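The sequence and structure are shown first.

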Amino acid sequence: MLSNRLKTIVRMVPRAQTIADIGCDHGKVAVALVKNGRSQHVICGDISGKSLDKARKNAKGFEESISLREGNGLEVLAAGEADAAVLAGMGGELISDILNANKDKAPDTLVLSCNTASGLLRQWICENGYRIADEELVFENRHFYPVILALKGQSEKLSDIALEFGPVLLEKKPKVLRYFIKRRIDKTKEIRQQIEKSDSSKKMELLNQIDERLEEYAGIEKCL
Ligand SMILES: C[S@@+](CC[C@H](N)C(=O)[O-])C[C@H]1O[C@@H](n2cnc3c(N)ncnc32)[C@H](O)[C@@H]1O
């Protein structure tokens with residue numbers, strides 16, 4: 001059984017001849033992509049041999065369609081070999097580092113899902129010749145996971161708020177975004193209280209910055 005997060009990732013991947021799943025771990029995405037006919041060939045890459053062992057078990061019966069390759073990031077691919085790549089279940093910083101390390105091997109279609117630093121990942125997308133074509137937000141096990149479809153192309157410059165919440169999510173306004181923003185507001189208020197109690201020399205400056213941010217959040221919350 002696929003979790004909601006994995007189902008969303010699989011749904012976001014466009015039909016393509018060869019898809020790479022980098023940091024595949026269990027390999028469940030690859031199996032689903034082959035099973036539902038989304039792809040004829042999935043290359044599963046992982047830096048850990050133990051992770052690939054899990055993928056090997058799950059891919060039993062699909063050996064002709066799923067290749068397993070041990071290695072760092074996109075190094076397991078030849079340039080132009082994959083039509084699309086999935087990089088999911090890692091931090092936004094690691095995903096950006098992996099893409100940066102081998103830009104020539106990054107396909108024109110990327111499905112990216114990070115568990116931290118989503119703003120940094122969106123920034124990487126927009127500053128490296130891709131645009132965010134679609135995005136969904138999944139709430140699972142008390143965490144929020146963005147699932148981003150990035151396509152090669154020119155992106156507009158994104159505001160801090162668009163980087164934080166995702167320009168497409170802000171437009172689509174899914175119900176889950178309201179919970180996400182609510183949690184951001186609660187966390188920011190907690191930080192505000194801590195600053196208020198401190199005797200930092202920059203207290204007033206920091207409080208003003210936080211209040212501005214809270215106003216922006218409230219503005220978005222109203223529009224959802
Ligand atoms: C938490 S799992 C995510 C598995 C799956 N993609 C998902 O979303 O459920 C992260 C996987 O990324 C792999 N990984 C971490 N750094 C990597 C790198 N530089 N290159 C390839 N795989 C990497 C880890 O070994 C691990 O199997």
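## Overall make-up

The protein chain contains nine helices and seven strands, and the model described here is a predicted one. Taken along the principal axes, the C-alpha atoms of the protein chain fill a box of roughly 60 × 35 × 35 Å. Among the contacts in the protein chain with a separation of 6 or more, 62% are between residues 24 or more positions apart.

## Aromatic pairs

When the whole structure is searched, five aromatic pairs are found. One of them brings together phenylalanine 165 and tyrosine 217, whose ring centres are 5.6 Å apart and whose planes stand at 80°, so the pair is classed as edge-to-face; the angle is over the 60 degrees that this class requires. Phenylalanine 165 belongs to helix H6, which covers residues 160-165, and tyrosine 217 belongs to helix H9, which covers residues 203-223, so that the pair links distant parts of the chain, 52 residues apart. Both phenylalanine 165 and tyrosine 217 are buried. These two residues also take part in one aromatic cluster, which is formed by Phe139, Phe144, Phe165, Phe180 and Tyr217.

## Glutamate 164

Helix H6 also holds glutamate 164. With a relative accessible area of 12%, glutamate 164 counts as buried, because that value is under the 20% cut-off.

| Side-chain pair | Polar contact |
|---|---|
| Glutamate 164 and arginine 184 | 2.5 Å |
| Glutamate 164 and tyrosine 217 | 2.5 Å |

Tyrosine 217 is therefore a partner both of phenylalanine 165, in the edge-to-face pair, and of glutamate 164, in a polar contact between side chains. If neighbours within four places in sequence are left aside, the residues in contact with glutamate 164 are Ser118, Arg122, Phe180, Arg184, Arg213 and Tyr217. In that list, Phe180 and Tyr217 are members of the aromatic cluster described above.

Notes. Residues numbered from 1 in each chain as written. Predicted model: local features only at pLDDT ≥ 70, side-chain atom pairs only at ≥ 80, totals over all residues. Heavy atoms only, no water. Phe/Tyr/Trp six-rings, centres within 6.5 Å; stacked < 30°, edge-to-face > 60°. Helix = DSSP H or I, 4+ residues; strand = E, 2+ residues; numbered from the N terminus. Buried < 20%, exposed > 50% of the residue type's maximum accessible area, 1.4 Å probe, protein only. Polar contact = N/O pair within 3.5 Å; in protein donor to acceptor, adjacent residues only side chain to side chain. Contact = heavy atoms within 4.5 Å.
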